[in-house]
Amino acid sequence: MTTDLLVDEAWRRATPPARLRELAADPALARIVASRIGLPADLAEELAVRAEAGGDVPRWTPVARALAAQPATAPARLARLSAHPDEGVRRAAAVHRATPRRAVKALAADPAVAVRRALAAREKLPRSVAAVLVADPCADVRLTVARRVGARPEELDALVGDPDPRVRRVLTALGRSSAADLADPDPRVRRTAVERRGHRDLAPVLDTLAGDPDPAVRALVATRWRNHDPVSLARLAEDPDPRVRAATADNWYTPVAQLTALAADPDRRVLAELSDNRLAPPAALTRLADTLAGLADDDTAAGREPDPEEREERRRLVHAVLGHPATPPETLRRLHALELNPYFHEGNAMSQPNWPADLLIGFGLDYSGRNVEGEAERASFDRIERAVGTQPPEQVLAAMVGSPVYYLSRAVANRHVPPEALAEYARAAALSPEGHDLDDLARNPAAPRDVLLGWAAENRYCSTMMENPELPVPVLAAIAGCSDDDHAAEARDLLEVRTLRAAARGETGNPC
């Protein structure tokens, strides 16, 4: 019979034990038999005896390795295998669940690092053995103890301050280290230490961390989750590394003056993070629009065409500024006139609060004119179109808010709509919710305060209300006390930022 057929027979599930014994006379086939799932315990012992008695040790060693990993191998046999001259056999015995405790303790002093590492990774490791391994002279062994899923608190505590930075990184990631990890000589330990802490924990050491030699640490310290301190953020806003400045540009707590300065930063990553900052102030967004216009002017003057990647990045920046709820109306007008965004969507502008009234009216008529259906919509559209140029823009917006044409009615998000028209929209929505988009009203800085307070008390429209750049303080305070933890925490942050900005302006009292 050919060797391949014998190998197939040794692996075949239906091969009877008697035939397996015959096949196991050959060490190569004996290794396969010893590896079989469901091997009878008596056959496993027979194979171990053969392997131990085999004169050709190298040929029988693979059999011993397979038996050291075989679930059917008896504890007494595993004890013998744990003293086998081959490192691979001892390594397999070290992780076997049935290896006797005395043998496990002996393996803690094994001369081979690989065996001690395998032992340190055991699912169940006796305390006395773990106590030996945490003091192992090889850092790889101690690292394995630290990474072990079932590591006990006392084992991890014994590794605090380990000389190997890899061990300290793991302990820091597990939260088992001390405050010293923020000053660890290894930058990756410091990064992990900062990543695990929030702004309250880091507040006392922000000044030191803002000067950390590792820019990755400084970038982490600049993020909103870890830093609410305007003083350190002002310092980080001037950092030489663009990653740090980018993180600072995205932080709600960065002072207005620094955010405005970052709007002219030469690095596009910084500009992108600033454009995504929900609390970017109007002055910063206006300067960012100036920066984008300047880049376009420089290209025109130099006869230069930006590469596709740069062009797409600028398009995204323009899109973000056009869609930002705090971009001032005249900045929107000027940026839109430059036509730097070839994919500008008039329908999207209808849900933004700050577009100038005349532009918004034009957007609504242009976009919805292609989608008017039925006599009622056509009559409403025609009335509004005739009113343009004969009535004040605010009155035209009020007519749009009450229109059955969907995209015209979305003007309810615009701050230039008269307050009485917004109040009437809210009343109509309360009587007949269908056809009314209250999310758009919630975004509007001119939305009636009593309506917003009612929603906050009922925990409704909280997400879209907090997109409102001028949400009244009493409404924010009501959301801060609501049952939704995410909305409440965000509202508290917004209140804190407003208080800090008011203090920076020298204002006192309620930061409305």
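In which loop does N227 lie? The views below are close-ups of a predicted model, in which local features need pLDDT of at least 70 and side-chain atom pairs count only at pLDDT 80 or more, while totals for chains, interfaces and linings use all residues. Residues are numbered from 1 along each chain as its sequence is written, and side-chain values use heavy atoms, with hydrogens and water left out.

**View 1. N227 lies in the loop between α17 and α18.** Helices here are DSSP runs (H or I, at least four residues), numbered from the N terminus. N227 has a relative accessible area of 0% and is therefore buried (under 20% relative accessible area, with a 1.4 Å probe and protein chains only). The side chain of N227 reaches the backbone nitrogen of D229 at 2.8 Å. Leaving aside residues up to four places away in sequence, N227 touches H199, L206, V221, S232, L233, L236, N251 and Y253, where contact means heavy atoms within 4.5 Å.

**View 2. Helix α19 (residues 242-249) is mostly covered.** Seven of the eight residues of α19 are buried, namely P242, V244, R245, A246, A247, T248 and A249. These buried residues pack against α17 (215-221), α18 (230-236), α20 (256-262) and α21 (268-276). At the start of α19, a side-chain oxygen of D241 comes to within 2.8 Å of the backbone nitrogen of R243.

**View 3. Helix α11 (residues 139-147) is largely enclosed by the rest of the structure, because seven of its nine residues are buried.** The buried residues of α11 are A139, V141, R142, L143, T144, V145 and A146, and what covers them includes α9 (113-120), α10 (127-133), α12 (153-158) and α13 (165-173).

**View 4. Helix α22 (residues 282-302) and helix α23 (residues 308-323) have axes that come within 10 Å and cross at roughly 150°.** The axes are lines fitted to C-alpha atoms over the stretch in contact, and angles run from 0 to 180 degrees between N-to-C directions. The contact is made by L285, L288, L292, L295, A296 and D299 of α22 together with R314, L317, V318 and V321 of α23. Of the residues in this contact, eight are nonpolar, none is polar and two are charged (Ala, Val, Leu, Ile, Met, Phe, Trp, Tyr, Cys and Pro count as nonpolar, Asp, Glu, Lys and Arg as charged, and the others, Gly among them, as polar).

**View 5. G54 lies in the loop between α4 (41-53) and α5 (57-68).** G54 is buried, with a relative accessible area of 15%. The C-alpha atoms of G54 and P27, which are 27 residues apart along the chain, are separated by 8.9 Å.

Technical notes:
Helix = DSSP H or I, 4+ residues; strand = E, 2+ residues; numbered from the N terminus. Buried < 20%, exposed > 50% of the residue type's maximum accessible area, 1.4 Å probe, protein only. Polar contact = N/O pair within 3.5 Å; in protein donor to acceptor, adjacent residues only side chain to side chain.
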